Number of protein chains: 2
Amino acid sequence: MQHHRGSMTRRQLLARIGLTAGGAMMYQAMSSLGMAAESDWKGPAKLEGNPGGASVLILGAGLAGMTAAYEMRKAGYKVKVLEFNSRPGGRNWTLHGGDSYTELGGATQHCGFDQGLYLNPGPWRIPHHHRAVLSYCKQFGVALESFVQVNYNALLHSQKGFGGKPQRFRDIDADYKGHVAELLAKSTRQRALDQLVSKEDQEILLESLRNWGALDHDFGYVKGRESSERRGFAKYPGGGVSGAPEFSEPFTTSDILRSRLWTALAAGNNYEMQTTMFQPVGGMDQIGKAFARQLEGVIEYQAKVTRIDQDDAGVSVSYQAGGGEHVAKADWCICTIPLSVLSRIPITVGDAMNEAIGKLPYAASVKMGLQFKRRFWEEDEAIYGGISYTDLPITLISYPSTGYHSPGKGVLLGGYVWGLEAYEFTSMSPAERVRKAVEYGAQLHPQYPREFDNGIAVGWHRVPFTHGCFGQWNEELRSQYYSTLCQIDGRIALAGEHISYIPAWQEGAILSALDVAGRLHHKVMATGGRA
Amino acid sequence: MQHHRGSMTRRQLLARIGLTAGGAMMYQAMSSLGMAAESDWKGPAKLEGNPGGASVLILGAGLAGMTAAYEMRKAGYKVKVLEFNSRPGGRNWTLHGGDSYTELGGATQHCGFDQGLYLNPGPWRIPHHHRAVLSYCKQFGVALESFVQVNYNALLHSQKGFGGKPQRFRDIDADYKGHVAELLAKSTRQRALDQLVSKEDQEILLESLRNWGALDHDFGYVKGRESSERRGFAKYPGGGVSGAPEFSEPFTTSDILRSRLWTALAAGNNYEMQTTMFQPVGGMDQIGKAFARQLEGVIEYQAKVTRIDQDDAGVSVSYQAGGGEHVAKADWCICTIPLSVLSRIPITVGDAMNEAIGKLPYAASVKMGLQFKRRFWEEDEAIYGGISYTDLPITLISYPSTGYHSPGKGVLLGGYVWGLEAYEFTSMSPAERVRKAVEYGAQLHPQYPREFDNGIAVGWHRVPFTHGCFGQWNEELRSQYYSTLCQIDGRIALAGEHISYIPAWQEGAILSALDVAGRLHHKVMATGGRA
C-alpha cells in the first residue's frame, strides 16, 4: 500500500505482497512463480498389471507419500513408508489444544486452545476444483464444510489510507466498482469508445454498467438507493413507524484510489480462492489421518532418513528410529522429502538431479493462531468467517468459518507473514511472534488486548520436517531444473508439491504422486519389476 | 436476457426480473418496492415497567407473532397466540420427507424426500447483518451454517446467449470485468478522463485496473496467465512431467455484452446477498421451532380466526378450532395475519386502517424442490452450493450448501418463479409444476431426466395461511397506507414483514414485532394497562 511503486524498497514490495496473501498481489506474485491454477484430475491412477511382488519404499507420509503408498499398495506393491514425525500428514497439519510442538532451535510450544479449536499451520482451505484432494476426501469420508474466503463485512486496512481507519470490504468494493462504472459510462457517452465498441454494443454496455456498477438513471455513482444497496445504508431499513432508511455517502474516486485498499478486492476472484471453498470439519489434519487409516501398519513413524542409496540390486535407505540405526531395502523408492531437507541427505542419484535438488529455495512464512476469550468479531462486529487484510506485517486476520455463535472462546488466524517480514518473525521467539500479532491486530480490532487469551506461532523455516513452507519456483528455475527433478533416476523418483505446477497446494502434492506412481509402475512393468 | 428493452413485453420483463431473483435485477425491482436493506437492530426490546396483569392476544405464530409473544410475556403480559397451522413459524417453513401439504384448491402433496433432505418454501437464507434474526438464533441455540450464494463454478444460462449453452459464472464474471478494465484503461490513456480524474490518480487507476481486471503489462485483457488465473485454464496445471498449464481464450466484449449474462453478475454484491450468509442446520424451520419451545403452552394451533372485535372493554377474537366456535378475549391484540388474509376477516378498526388493509397486493412466487438419485452437480460438475441463473421461467437452480459429498440422494431448489410466470405455475397442478421444473432444468443439466426422483411445489398464492408470498410495497402505496397500518388502532396493532421496510425478510417481521411491542407497551403503561 505504498503510493509510489518506484520508491518501493524490496521490503516494502514484500510487505505489499504479504498484504494480499490469498489476495490479488500475493496471487500475482505467486503466479509469476508458477503457482495457482486448477487441477487436471481425471480420476484415480489406474495401475494395471501385476507388479509381481515388487516393493516400494516411500519416504515421507505427507499427502504425496501417502497417495503414492495408497495407490501402489492397491496395485499390488509391497509398500513401506518412513515418516519423520510421529503423526501422518506432513504439512497437512493441525495444532489442537493439548498438542506440543518443538521447532528448530528447541523452542517448545504447548497449544492452549480450548476443546475443538485449532490452527492449521499449513494448508487451510481447499478450492472446489482441486478434484484430487476432494476425491480422496469423499472416498475416505472426510466431512467438508464451507470455507468463507471473501466476507463483505470484513475489514481492509492500510496504515495510511483513510487515516489508518479500517474500512469494510463492502464499501471499498462497491465504491471501486461504482466509480469504474461511472468513469467508463462517461467515456462511452463522450464517444471515447467509438473506435473500440460498436454503437449497438455501447448501448448494452451502458445498461450493464448501470446494473453492475449501481449507477443512477443518469449513470452517476452517487449517494442514493442504488449505491446504498451495495455499500450499505447510513440508517438501515427497519420495522414499523421509524423504519425508513437513510442512504450512505460513497467515498470519492480519489479516496478509494489513494487508499490502495483496492489491492485486496480481487482476492476472491482468483481461481484458487473462488467460491465454493472448503475446509475439513475439525481441522485440515482430518485428511492426513484419513489417508493414514488406509495405511494401517504401512507407516513407520519417527523415522529420520539419513542416507538414500541405490544400485542394481535395489534401494537401501538408512534411518534413525527408536534410538537405533536401521536400513530399509526395497526395489524402488519414491522420495517425498522436501528438497530443503533432502538437499542435506546423501542420495545416490545422477549429477543433474543432485544439483537440481540443491537449487530450489523454500518460501518463508509464519502463521499465528490466537485464542480469544470470546468471539468478539461476531458479537461486536458481525464478522462471520472470511478474511480482513492489512498492510501490516501480519497481512491478514482470518475468522473461523465454523462454529458461528459458539459460546466460549474462539481462535483466529492472527497473522500470515511472508517474505522478509517472515524472516524477522522467524527470528523472534514464538511468544514474541504471538505478542506482535496481538499488537498489530489491535489496529484492526481494538478488542484484541482485552480479549486475548493465548497463542501459538509456526515459522515454517523452523519447522523440523520441512525447513520452509513450499518450493518457490520461478520460470528460470523451472526451465533449468524441473524436468530433471521429474525423472526417475534409476530406482528413485521424487514427488511432492515441489514436483508440480501447483506448488504450496495439497493438490500439487497428490497429483505429483499420482504422476510418479503411474510412471514408476510403467517402468516396473517394462523392466520386469523386481530387482 | 432480451436484447432490446424497448421491445420487451411485460411478460419478458417479469421473466427477466425472475431470472435474477436473488440477483441484480430482481433486487433492483424489489428495491424500487422498498425492499432489501439492513436491519437497525440495537438489541432486544426493553419493555420496562409492570403491565399490571394486562393481557395480549396475538394472532399468528409466525416470527412476528412469536417475537411479540416472547418479548411481551417476558415483560409480564398474559399472552396467548392463535395460529392457523398445526405448526409454528408461518412462512418460516421447511418441508421434510414425510410431510404432507394441502394447498388452496385441495391438492395434497406428500413430500418424498429422503431423511435429512428438505425444501424451504419461504425464507431460505439469512444475511449476516440481519441482527435480530441472528440474535434470536444465538439466544435460542439455533445452529447456523454458511449459505453459499455466489458459486463461480455455477452456471449462467440464457436461451439466446452463447447459443443457449450454459456458461460458468467464473468466465462471464472474469471477462466482463476484464473488458471493462481494458476499456477504461484505454480511455484513460487516450486522455478521455483528463477532466474527471487528476493525473496522479489516473496513474493509480491504471495500476488498479491491471490488478483488479487481470490485464497484461500493456493493459490488455487477453489470453494469458493473468486472465486464465481468473477465468480458468484451457489445461489446468498438474503434477509431474506433463503438468504445464495452457491458457484459455476469453470471450469477446461483444459476446459478453450481447449474451446479457452480465445481468446476474452483481447478485452477490447486493447487500442482502453479500457473504457471509447463513442457513440454520436442518432447515429454516429450526428458527420457528426454537421460538415455539420458548412459548410452550402459549400457542393454540389449528385456530382459524374468523372475526376480530374491540370495544372499550377489550378485544374479542372469534375463531374455529377442534370443530367448534370459540372466542378469545384480551386487553390488547397484535395481529400478524398477512393482509392478503386479514382483508377477508371482519375487524373492528377505523375506516382508514380498514381501507389500508385491503390495499397491499401480495407477490406471487412458486418454489419447486426436486430430489435426485445422486448429487450429480457435485460428482459430475464440481458445483457445491450456490446458484445457477437462467432466463427460463424457473429463474434459478440452487444447490445445497451442506452435506457436500453425501452419498445417496440430494435435493435442489429447482425453480423460484416470479411474476406472471408464477401465476402460470400456480394455475398448474403441483405435479405439473414439478414436471416443468425438470423439463426446464434439463437445459442447464442434461442429467435431470435420468436422475430425477421426486419433487414438491409450493405456489404461494395457493398457500392457505398467506394467499401470497409477501406484501408488495411500492413507493406510492407506502406513502398512502404504510403509516396508517403502523398505528395502534384502539386496542389492535398490526405486525409482520408487511409492517416493515424489509418486506419478505424474516428480519422485517421480527423488527416490526419489536417496534409494535414497544409502542403498545408504551401505550399500556400510559393508559393503565388493563381494560
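Reader: In which helix does B:Tyr440 lie, and how are such elements numbered?

Author: Helices (H or I, at least four residues) and strands (E, at least two) are DSSP runs, numbered from the N terminus. B:Tyr440 belongs to helix H14 (residues 430–441) of chain B. The model is a predicted one: local features need pLDDT of at least 70, side-chain atom pairs count only at pLDDT 80 or more, and totals for chains, interfaces and linings use all residues. Residues are numbered from 1 along each chain as its sequence is written, while chains are lettered from A and ligands numbered from 1 in the order in which they are written.

Reader: Is B:Tyr440 buried or exposed?

Author: A residue is buried if 20 or more other C-beta atoms, placed from the backbone, lie within 10 Å of its own, exposed if 12 or fewer, and partly exposed in between. B:Tyr440 has 21 other C-beta atoms within 10 Å and is therefore buried.

Reader: Which residues is B:Tyr440 in contact with, leaving aside its neighbours within four places in sequence?

Author: Two residues are in contact if their C-beta atoms, placed from the backbone, lie within 7 Å. With neighbours within four places in sequence left aside, B:Tyr440 is in contact with B:Leu392, B:Pro393, B:Ile394 and B:Gly415. B:Gly414, 26 residues apart from B:Tyr440 in sequence, is 9.1 Å from B:Tyr440 in space, C-alpha to C-alpha.

Reader: Which residues of helix H13 of chain B are buried?

Author: In H13 (residues 419–427) of chain B, these are B:Gly419, B:Glu421, B:Ala422, B:Phe425 and B:Thr426. They lie on the same side of H13(B), because they cover an arc of only 140° around the axis; the arc is that of the directions from the helix axis to the C-beta atoms.

Reader: How many residues of chain B are in contact with chain A?

Author: There are 87 of them, in contact with 86 residues of chain A. Helix H5 (169–189) of chain B is one of the elements that each supply at least two residues to this side, and H5(B) gives the most, with seven residues. The side of chain B that touches chain A divides into 42 nonpolar, 31 polar and 14 charged residues. Ala, Val, Leu, Ile, Met, Phe, Trp, Tyr, Cys and Pro count as nonpolar, Asp, Glu, Lys and Arg as charged, and the others, Gly among them, as polar.

Reader: Which residues of chain B does A:Asp201 touch?

Author: A:Asp201, found in helix H6 (residues 199–213) of chain A, touches B:Thr253, B:Ser254 and B:Leu257, not counting residues up to four places away in sequence. A:Asp201 counts as buried, with 20 C-beta neighbours inside 10 Å.
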